[in-house]
Every structure is written in structure tokens, then in C-alpha cells.
Amino acid sequence: MNPYAGMRRANRYLAEILTIFSQADYEVVVRMTCGTGDARRFVREKCADMDLIVCAGGDGTFNETISGMLEAGCDVPVGYIPCGSTNDFANSLKLSSNILQAARDIVEGAPVSYDVGKFGDSYFSYVASFGAFTKASYSTPQNIKNALGHTAYILEGIQELSQLKPTHVRIQMENAVIEDDFLFGAVSNSTSVAGVLTLSKDKVDMSDGKLEIMLVKAPKDLTEVADLIAALQKQTYNCAAMTFLSTESVKVKVSSNMDWTLDGERQAGVSEVDVTCVHRGVQVIRPC
């Protein structure tokens, strides 16, 4: 459990959360995270001894939880109590935003297997992204996130846009190569990306062994700006400024000083990285 996630709401319900699992005959071991990497280390060391791993926090806490499990080679079901500022992955799975209901859903639900992205030696549950709105997810101060929630990302992202310049990127896939200057790019496995974009369920299957790639070029004129806005609103993604496709793996070459985010947390820039899909790499408890 991340005691600083979101508005720290989960802190007020910890005893009730534990009671829900105790009443279901679980012997509960509790670990409060004290810093970056803590959840990852704890899960990696302890997951083999557990029947169920539950994390309470935001997208970053969930990322560390599944990263620790994959690094340990465990296939233990994961329950997620979303209580962060954005909760993109939880929104994609339609997990309850009510903390106690989310706990009950874990006890009463069933595991479903989902794909996981692998970014070099790291993992992401729903997105690896660069460019617009990317820095906002990790640079917005925690107290501002707590006070404004999702709105904090939008406000920070708007400020970021005024300073943003396109980045030259080369994308190499199984049967295609794309090279251009882009304002935003994402490799994702989610219907909600960067807390800003929503993808159609018809275009995203989170268990199909493929990741989705979205690339947005800088609009050349007002017509392309209007086309881009319309494409995002209609979820068609077929305008001149945007590329959207699915792939099992991709090699990305960019400027070495361009940072990424993995599930909302900063990932230091690399000049070349392989991004692949770990097919059905994690079991997440869903409501029945």
C-alpha cells in the first residue's frame, strides 16, 4: 500500500480493507511503501509465498507490483485497489473507484490474464510514452496531484505544450518502418493513455499479444489541428497528423536525452530501446 497515493483516501479504510480479507480467511501481510522501488522489491522477495498479491495505490504502485512479480517469475493473481490521482489501468478494466468495493471485488472476483509491456529491462502495465503530457505525469508535485487529481495533469500538460518541440523518432516494427518528427508517442495496452486520450474498445484487446502504437505529428496548419481534434474526439485516428496501429514488438530510436514515462513514472532517456509484449504476463482479479 502506498500511503501517499491520491488524496491518501485508502489510509482511512485500512482496518476495513483488512477485515474484508480476514473474513475471507486470508492471513494478511501488510507492507507500507516508503519510497520508489519498495513495492517492487517486497513483491519480488515475497510473492512466491503468497496466494494473492493486493496493491493499493496508483498506476506507479501497480507497475512496481507487477514488475516485482515478473522479475521473480511468479504467476500469483493480483488484486488492485485504485486510489491514485489518475488510475488509467484501473479505468481500462472498469475497477471500482470505491475503495471498499474494490477490496470486496477482489475477494469475490476471478483472475483474468492480461498482456504486459516490456521496455528494455523494465515493464509497464499500460503505457510507455514520450512527448506531450508525458512529463506532467511525474513532474507534477504530489501535493498538487492530491489537491486537483486528474486536473493537475491537464494543467501541467498545457504548460508543457508551450515549450514542447517535435522529436525525431524512428519506429521499426515487424513489417514496417516509420520515421518522422512527433509531438507525442505511446506504446500502450490500455483504453486510457496518459490520463488524456481514450481509445476505443474495438481497437484495443488487452490480451491479444499485441501492443498499440499511437504517434502524433506536429500539425502544419489550422486544418490539421482541426483534423487532429476531430480524430481524437471520434476515436478514428486516421488523420494526416496521427498514426495508430498494433504490433507484437517495436524498436524505437530517438535522441538519448528524451525521457519516457512508464505508467506515469519517469524512465531515463535511451537512444535505442526494444519494446515487446509479454503475452498474458499478469493475472488481475476482476469482478465476477
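The questions below go from the whole chain to single elements.

Author: Note that this is a predicted model.

Reader: How many helices and strands does the chain have?
Author: The chain holds 288 residues, and 50% of them are buried. Its secondary structure comes to nine helices and 15 strands.

Reader: What share of the contacts with a separation of 6 or more joins residues 24 or more positions apart?
Author: Take the contacts in the chain with a separation of 6 or more. Those between residues 24 or more positions apart come to 72%.

Reader: Where do the buried residues of α2 lie around the helix?
Author: Asp 38, Ala 39, Phe 42 and Val 43 are the buried residues of α2. Seen down the axis, they fall within an arc of 120 degrees, so they line one face of the helix.

Reader: What covers the buried residues of α2?
Author: Phe 42 and Val 43 are among the buried residues of α2. Their cover includes β1 (53–57) and α3 (59–72).

Reader: Is Val 28 buried, partly exposed or exposed?
Author: Val 28 sits in the loop between α1 (14–23) and α2 (38–46). With Tyr 26 and Val 30, Val 28 forms a nonpolar surface patch of about 220 Å² accessible area together. Buried needs under 20% and exposed over 50%. Val 28 has 35% relative accessibility, so the residue counts as partly exposed.

Reader: How many residues of β5 are buried?
Author: Strand β5 covers residues 127–131. The strand is mostly covered, and the buried count is five of its five residues.

Reader: Which residues stand opposite Ala 128 in β7 and β13?
Author: β5 pairs with β7 (residues 177–188) in the antiparallel sense over five bridges. Two bridges join β5 to β13 (residues 260–262), also antiparallel. On the β7 side, Ala 128 faces Val 187. In β13, its bridge partner is Leu 262.

Reader: How many residues lie between β6 and β7 in their hairpin?
Author: Six bridges join β6 (residues 167–172) to β7, and the two run antiparallel. His 168 stands opposite Asp 181 in β7. The number of residues between the two strands of the hairpin is four.

Key
Residues are numbered from 1 along each chain as its sequence is written. This is a predicted model: local features need pLDDT of at least 70, side-chain atom pairs count only at pLDDT 80 or more; totals for chains, interfaces and linings use all residues. Side-chain values use heavy atoms; hydrogens and water are left out. Patches are made of residues with over 30% relative accessible area and no salt bridge: like charges are joined within 9 Å, nonpolar side chains (Val, Leu, Ile, Met, Phe, Trp, Tyr) within 5 Å. Accessible areas come from the Shrake-Rupley method with a 1.4 Å probe; for residues, only the protein chains shown count as cover. A salt bridge is a side-chain nitrogen of Lys or Arg within 4 Å of a carboxyl oxygen of Asp or Glu. Buried means under 20% relative accessible area, exposed over 50%, partly exposed in between (1.4 Å probe, protein chains only). Two strands pair if DSSP finds at least two bridges between them. Contact means heavy atoms within 4.5 Å. The arc is that of the directions from the helix axis to the C-beta atoms.
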